[in-house]
Amino acid sequence: MNVGGEEKKRSVAFIGTGLMGGPMARRLLGAGFSVTVWNRSVDKAEALVADGAVLAVSPAEAAKGADIVITMLSDGKAVGEVLFAAGVADALKKGAVVIDSSSIAPPIAREHSSRLEALGIHHVDAPVSGGVPGAIAGTLAIMAGGDEALISALADVFAPMGRLTYVGPSGAGQLCKLANQQIVAITIGAVAEAMMLVEAGGASREGFRNAIRGGFAESRILELHGERMVKRNFVPGGPSKFQLKDLNGVLAMAKDMSLTLPLTQQVTREFDDFVGDGGADIDHSGILLYLEKLNNREQG
(Lines give C-alpha, C1' and ligand atoms only; values in the text may rest on other atoms or scores of the structure.)
Protein backbone atom coordinates (compact mmCIF):
# COMPACT_ATOMS: atom_id res chain seq x y z
CA MET A 1 0.00 0.00 0.00
CA ASN A 2 1.23 3.46 -0.83
CA VAL A 3 0.32 5.20 2.43
CA GLY A 4 1.07 8.56 0.89
CA GLY A 5 -1.14 8.06 -2.15
CA GLU A 6 -3.68 10.77 -2.86
CA GLU A 7 -5.36 9.26 -5.91
CA LYS A 8 -7.96 7.42 -3.87
CA LYS A 9 -9.15 7.66 -0.28
CA ARG A 10 -8.03 4.64 1.67
CA SER A 11 -10.51 2.16 3.09
CA VAL A 12 -10.88 2.21 6.86
CA ALA A 13 -12.07 -0.41 9.32
CA PHE A 14 -13.21 1.20 12.57
CA ILE A 15 -13.34 -1.18 15.50
CA GLY A 16 -15.01 0.15 18.64
CA THR A 17 -17.79 2.60 17.85
CA GLY A 18 -18.93 3.60 21.32
CA LEU A 19 -19.03 7.05 22.91
CA MET A 20 -15.83 8.20 21.21
CA GLY A 21 -15.43 5.79 18.30
CA GLY A 22 -18.92 6.37 16.92
CA PRO A 23 -18.52 10.09 16.27
CA MET A 24 -14.94 9.62 15.06
CA ALA A 25 -16.11 7.08 12.49
CA ARG A 26 -18.91 9.43 11.48
CA ARG A 27 -16.36 12.19 10.85
CA LEU A 28 -14.42 9.88 8.52
CA LEU A 29 -17.61 8.98 6.65
CA GLY A 30 -18.42 12.66 6.28
CA ALA A 31 -14.98 13.21 4.78
CA GLY A 32 -15.65 10.62 2.09
CA PHE A 33 -13.77 7.62 3.45
CA SER A 34 -15.10 4.11 2.94
CA VAL A 35 -15.60 2.85 6.49
CA THR A 36 -16.47 -0.63 7.71
CA VAL A 37 -17.48 -0.79 11.38
CA TRP A 38 -17.63 -3.35 14.14
CA ASN A 39 -18.56 -3.01 17.79
CA ARG A 40 -19.13 -5.58 20.50
CA SER A 41 -22.58 -4.05 21.13
CA VAL A 42 -23.86 -4.27 17.57
CA ASP A 43 -26.43 -1.47 17.91
CA LYS A 44 -23.65 1.10 18.29
CA ALA A 45 -22.17 0.01 14.97
CA GLU A 46 -25.57 -0.29 13.25
CA ALA A 47 -26.22 3.38 14.08
CA LEU A 48 -23.51 4.33 11.57
CA VAL A 49 -25.02 2.47 8.63
CA ALA A 50 -27.35 5.38 7.91
CA ASP A 51 -24.24 7.54 7.50
CA GLY A 52 -22.81 5.18 4.90
CA ALA A 53 -20.84 2.70 7.00
CA VAL A 54 -20.68 -1.00 6.15
CA LEU A 55 -21.50 -3.24 9.11
CA ALA A 56 -19.19 -6.19 9.76
CA VAL A 57 -20.12 -9.23 11.82
CA SER A 58 -16.64 -9.64 13.30
CA PRO A 59 -13.44 -7.62 13.74
CA ALA A 60 -11.65 -9.84 11.22
CA GLU A 61 -14.35 -9.26 8.62
CA ALA A 62 -14.10 -5.51 9.18
CA ALA A 63 -10.32 -5.64 8.68
CA LYS A 64 -10.31 -7.81 5.57
CA GLY A 65 -9.13 -5.70 2.63
CA ALA A 66 -8.83 -2.52 4.71
CA ASP A 67 -5.91 -0.17 4.20
CA ILE A 68 -6.24 1.17 7.73
CA VAL A 69 -7.72 -0.22 10.93
CA ILE A 70 -8.59 2.22 13.71
CA THR A 71 -9.26 0.78 17.15
CA MET A 72 -11.03 2.67 19.94
CA LEU A 73 -11.44 0.15 22.73
CA SER A 74 -11.57 0.12 26.52
CA ASP A 75 -8.07 -1.08 27.42
CA GLY A 76 -4.94 -2.87 26.28
CA LYS A 77 -6.39 -6.32 26.87
CA ALA A 78 -9.37 -5.55 24.63
CA VAL A 79 -7.09 -4.19 21.90
CA GLY A 80 -4.83 -7.25 22.04
CA GLU A 81 -7.78 -9.62 21.88
CA VAL A 82 -9.19 -7.87 18.82
CA LEU A 83 -5.88 -7.65 17.00
CA PHE A 84 -4.54 -11.12 17.68
CA ALA A 85 -7.23 -13.42 19.14
CA ALA A 86 -10.10 -12.18 16.97
CA GLY A 87 -8.06 -12.35 13.77
CA VAL A 88 -7.60 -8.72 12.73
CA ALA A 89 -3.84 -9.05 12.26
CA ASP A 90 -4.26 -12.23 10.22
CA ALA A 91 -6.93 -10.60 8.03
CA LEU A 92 -4.81 -7.57 7.14
CA LYS A 93 -2.63 -7.38 4.07
CA LYS A 94 1.04 -6.53 4.37
CA GLY A 95 1.61 -2.79 4.43
CA ALA A 96 -1.73 -2.06 6.11
CA VAL A 97 -1.76 0.30 9.09
CA VAL A 98 -3.24 -0.18 12.54
CA ILE A 99 -3.99 3.11 14.31
CA ASP A 100 -4.81 2.47 17.95
CA SER A 101 -6.69 5.40 19.42
CA SER A 102 -7.54 3.55 22.62
CA SER A 103 -5.90 4.64 25.88
CA ILE A 104 -3.58 1.80 26.89
CA ALA A 105 -0.26 1.34 28.68
CA PRO A 106 2.78 2.40 26.63
CA PRO A 107 4.56 -0.97 27.03
CA ILE A 108 1.50 -2.75 25.64
CA ALA A 109 1.40 -0.35 22.68
CA ARG A 110 5.05 -1.10 21.96
CA GLU A 111 4.40 -4.84 22.22
CA HIS A 112 1.52 -4.59 19.76
CA SER A 113 3.69 -2.58 17.40
CA SER A 114 6.44 -5.18 17.51
CA ARG A 115 4.08 -8.09 16.90
CA LEU A 116 2.41 -6.34 13.98
CA GLU A 117 5.73 -5.28 12.48
CA ALA A 118 6.76 -8.95 12.38
CA LEU A 119 3.69 -9.54 10.20
CA GLY A 120 4.51 -6.65 7.86
CA ILE A 121 1.82 -4.39 9.33
CA HIS A 122 2.46 -0.80 10.44
CA HIS A 123 1.33 0.43 13.85
CA VAL A 124 0.67 3.90 15.23
CA ASP A 125 -0.44 4.62 18.78
CA ALA A 126 -2.64 7.69 18.51
CA PRO A 127 -4.80 8.23 21.59
CA VAL A 128 -6.99 11.31 21.68
CA SER A 129 -8.19 13.98 24.08
CA GLY A 130 -11.25 16.19 23.85
CA GLY A 131 -14.03 13.87 24.95
CA VAL A 132 -17.28 13.27 23.15
CA PRO A 133 -17.75 16.96 22.20
CA GLY A 134 -14.34 16.93 20.49
CA ALA A 135 -15.10 13.66 18.74
CA ILE A 136 -18.37 15.04 17.39
CA ALA A 137 -16.83 18.34 16.29
CA GLY A 138 -13.67 16.79 14.85
CA THR A 139 -11.47 18.84 17.17
CA LEU A 140 -9.74 16.08 19.11
CA ALA A 141 -6.13 16.48 20.19
CA ILE A 142 -4.39 13.46 18.62
CA MET A 143 -1.06 12.35 20.11
CA ALA A 144 0.70 10.05 17.66
CA GLY A 145 3.64 7.78 18.40
CA GLY A 146 5.50 5.66 15.85
CA ASP A 147 7.28 6.28 12.58
CA GLU A 148 7.18 10.02 11.89
CA ALA A 149 7.11 9.69 8.08
CA LEU A 150 4.26 7.20 8.22
CA ILE A 151 2.26 9.41 10.59
CA SER A 152 2.80 12.39 8.30
CA ALA A 153 1.55 10.34 5.36
CA LEU A 154 -1.63 9.57 7.31
CA ALA A 155 -2.46 13.24 7.89
CA ASP A 156 -5.53 13.11 5.64
CA VAL A 157 -6.97 10.26 7.71
CA PHE A 158 -6.46 12.08 10.99
CA ALA A 159 -7.64 15.48 9.71
CA PRO A 160 -11.42 14.87 9.93
CA MET A 161 -11.05 13.74 13.55
CA GLY A 162 -8.87 16.50 14.97
CA ARG A 163 -5.45 18.08 15.33
CA LEU A 164 -2.56 15.67 14.82
CA THR A 165 0.75 16.04 16.69
CA TYR A 166 3.69 13.68 16.36
CA VAL A 167 5.06 13.15 19.88
CA GLY A 168 7.79 10.52 19.48
CA PRO A 169 8.49 6.84 18.82
CA SER A 170 6.20 3.88 19.47
CA GLY A 171 4.45 4.20 22.83
CA ALA A 172 5.02 7.96 23.09
CA GLY A 173 1.44 8.72 22.11
CA GLN A 174 0.13 6.57 24.95
CA LEU A 175 2.58 8.12 27.41
CA CYS A 176 1.40 11.61 26.44
CA LYS A 177 -2.22 10.53 26.79
CA LEU A 178 -1.53 9.27 30.30
CA ALA A 179 0.06 12.62 31.13
CA ASN A 180 -2.99 14.35 29.67
CA GLN A 181 -5.31 12.25 31.85
CA GLN A 182 -3.12 13.01 34.84
CA ILE A 183 -3.67 16.75 34.29
CA VAL A 184 -7.39 16.23 33.64
CA ALA A 185 -7.95 14.26 36.85
CA ILE A 186 -6.01 16.64 39.08
CA THR A 187 -7.77 19.65 37.55
CA ILE A 188 -11.21 18.08 37.89
CA GLY A 189 -10.40 17.39 41.53
CA ALA A 190 -9.27 20.98 42.06
CA VAL A 191 -12.43 22.41 40.47
CA ALA A 192 -14.63 20.07 42.54
CA GLU A 193 -12.88 21.04 45.78
CA ALA A 194 -13.22 24.73 44.92
CA MET A 195 -16.95 24.22 44.27
CA MET A 196 -17.25 22.67 47.73
CA LEU A 197 -15.34 25.54 49.34
CA VAL A 198 -17.31 28.41 47.81
CA GLU A 199 -20.70 26.84 48.50
CA ALA A 200 -19.75 26.03 52.11
CA GLY A 201 -18.90 29.72 52.53
CA GLY A 202 -22.22 30.88 51.11
CA ALA A 203 -21.22 31.72 47.53
CA SER A 204 -22.93 30.45 44.40
CA ARG A 205 -21.14 27.68 42.53
CA GLU A 206 -22.46 29.03 39.24
CA GLY A 207 -21.52 32.59 40.12
CA PHE A 208 -18.04 31.46 41.16
CA ARG A 209 -17.48 29.63 37.88
CA ASN A 210 -18.65 32.62 35.85
CA ALA A 211 -16.54 35.02 37.89
CA ILE A 212 -13.21 33.24 37.38
CA ARG A 213 -13.64 32.41 33.69
CA GLY A 214 -11.13 34.42 31.72
CA GLY A 215 -8.73 34.57 34.67
CA PHE A 216 -5.70 32.38 35.38
CA ALA A 217 -7.94 29.48 36.47
CA GLU A 218 -9.70 29.29 33.10
CA SER A 219 -9.53 25.87 31.43
CA ARG A 220 -11.57 23.46 29.36
CA ILE A 221 -12.13 21.53 32.59
CA LEU A 222 -13.64 24.61 34.26
CA GLU A 223 -15.70 25.33 31.15
CA LEU A 224 -17.11 21.85 30.52
CA HIS A 225 -16.81 19.91 33.76
CA GLY A 226 -17.39 22.96 35.92
CA GLU A 227 -20.70 23.37 34.09
CA ARG A 228 -21.48 19.69 34.72
CA MET A 229 -20.88 20.24 38.43
CA VAL A 230 -23.13 23.31 38.50
CA LYS A 231 -25.91 21.58 36.58
CA ARG A 232 -25.25 18.22 38.26
CA ASN A 233 -25.14 16.45 34.93
CA PHE A 234 -22.95 13.40 35.45
CA VAL A 235 -24.08 11.31 32.48
CA PRO A 236 -20.75 9.88 31.33
CA GLY A 237 -18.71 11.40 28.60
CA GLY A 238 -15.65 10.00 30.34
CA PRO A 239 -16.62 7.30 32.87
CA SER A 240 -14.75 7.41 36.17
CA LYS A 241 -13.62 3.78 35.78
CA PHE A 242 -11.60 4.79 32.71
CA GLN A 243 -10.18 7.82 34.52
CA LEU A 244 -9.04 5.47 37.28
CA LYS A 245 -7.55 3.06 34.75
CA ASP A 246 -5.48 5.88 33.25
CA LEU A 247 -4.35 7.16 36.66
CA ASN A 248 -3.20 3.68 37.62
CA GLY A 249 -1.32 3.62 34.31
CA VAL A 250 0.38 6.91 35.19
CA LEU A 251 1.50 5.57 38.56
CA ALA A 252 2.77 2.34 37.00
CA MET A 253 4.90 4.31 34.55
CA ALA A 254 6.08 6.63 37.33
CA LYS A 255 7.20 3.62 39.36
CA ASP A 256 9.17 2.30 36.38
CA MET A 257 10.85 5.70 36.07
CA SER A 258 11.49 6.05 39.85
CA LEU A 259 9.27 9.12 40.03
CA THR A 260 7.15 10.20 43.01
CA LEU A 261 3.95 12.02 41.98
CA PRO A 262 2.05 12.97 45.16
CA LEU A 263 -0.81 14.88 43.54
CA THR A 264 -1.47 11.99 41.19
CA GLN A 265 -1.30 9.50 44.05
CA GLN A 266 -3.90 11.44 46.02
CA VAL A 267 -6.37 11.91 43.18
CA THR A 268 -5.98 8.23 42.26
CA ARG A 269 -6.99 7.25 45.80
CA GLU A 270 -10.05 9.48 45.51
CA PHE A 271 -11.13 7.99 42.18
CA ASP A 272 -10.45 4.49 43.52
CA ASP A 273 -12.79 5.17 46.45
CA PHE A 274 -15.41 6.75 44.18
CA VAL A 275 -15.37 3.89 41.68
CA GLY A 276 -15.48 1.35 44.51
CA ASP A 277 -18.53 3.11 45.96
CA GLY A 278 -20.58 2.82 42.78
CA GLY A 279 -19.18 5.65 40.68
CA ALA A 280 -17.61 3.52 37.95
CA ASP A 281 -20.00 4.57 35.20
CA ILE A 282 -20.51 8.14 36.39
CA ASP A 283 -18.68 10.90 34.52
CA HIS A 284 -15.30 11.76 36.04
CA SER A 285 -16.63 15.21 36.93
CA GLY A 286 -18.78 13.23 39.38
CA ILE A 287 -15.79 13.17 41.75
CA LEU A 288 -17.74 16.10 43.19
CA LEU A 289 -20.24 13.52 44.51
CA TYR A 290 -17.42 11.74 46.33
CA LEU A 291 -16.33 15.00 47.96
CA GLU A 292 -19.89 15.88 48.93
CA LYS A 293 -20.29 12.49 50.59
CA LEU A 294 -16.90 12.83 52.30
CA ASN A 295 -18.04 16.17 53.75
CA ASN A 296 -21.61 15.06 54.57
CA ARG A 297 -22.98 17.57 52.05
CA GLU A 298 -24.76 15.24 49.67
CA GLN A 299 -27.41 16.87 47.49
CA GLY A 300 -30.57 15.35 46.08
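This is a predicted model: local features need pLDDT of at least 70, side-chain atom pairs count only at pLDDT 80 or more; totals for chains, interfaces and linings use all residues.

Colleague: OK. How many helices and strands are in the chain?

Modeller: There are 15 helices and nine strands.

Colleague: And why does the radius of gyration agree with a compact globule?

Modeller: Because a compact globule of 300 residues would come out near 19 Å, and the chain has 20 Å. Along the principal axes, the C-alpha trace spans about 65 × 45 × 35 Å.

Colleague: What share of the contacts with a separation of 6 or more comes from residues 24 or more positions apart?

Modeller: Those pairs account for 65%.

Colleague: Let's go inside. Which residues have the most contacts inside the largest nonpolar core?

Modeller: Phe14, Met24, Leu28, Ile70, Ile99, Val124 and Leu154, in a core of 32 residues. Helix H1, residues 21–30, gives the most to this core, with four residues. There's also a second, separate core of 24 residues, and Val184, Met195, Leu247 and Ala280 are among them.

Colleague: Back to H1, then. Is it mostly covered or mostly open?

Modeller: Mostly covered, with seven of its ten residues buried. Those are Gly21, Gly22, Pro23, Met24, Ala25, Leu28 and Leu29.

Colleague: What is Leu28 in contact with, leaving aside neighbours within four places in sequence?

Modeller: Val12, Phe14, Phe33, Val35, Ile70, Val157, Pro160 and Met161. And just after H1, Gly32 takes a positive phi of about 95 degrees.

Colleague: Switching to strands: where is Val69 found?

Modeller: In strand S4, which covers residues 68–71. Val69 has a relative accessible area of 0%, so it counts as buried.

Colleague: What does Val69 touch, not counting residues up to four places away in sequence?

Modeller: Ala13, Ile15, Ala63, Val88, Leu92, Val97, Val98 and Ile99.

Colleague: And how does Val69 sit relative to Val37?

Modeller: Val69 and Val37 are 32 residues apart in sequence and 9.8 Å apart in space, C-alpha to C-alpha.

How values were computed:
Residues are numbered from 1 along each chain as its sequence is written. Side-chain values use heavy atoms; hydrogens and water are left out. Helices (H or I, at least four residues) and strands (E, at least two) are DSSP runs, numbered from the N terminus. The radius of gyration is taken over C-alpha atoms; the globule rule is 2.2 Å times the number of residues to the power 0.38. Contact means heavy atoms within 4.5 Å. A nonpolar core is a set of buried Ala, Val, Leu, Ile, Met, Phe, Trp, Tyr and Cys residues joined through side-chain atoms within 4.5 Å. Buried means under 20% relative accessible area, exposed over 50%, partly exposed in between (1.4 Å probe, protein chains only).
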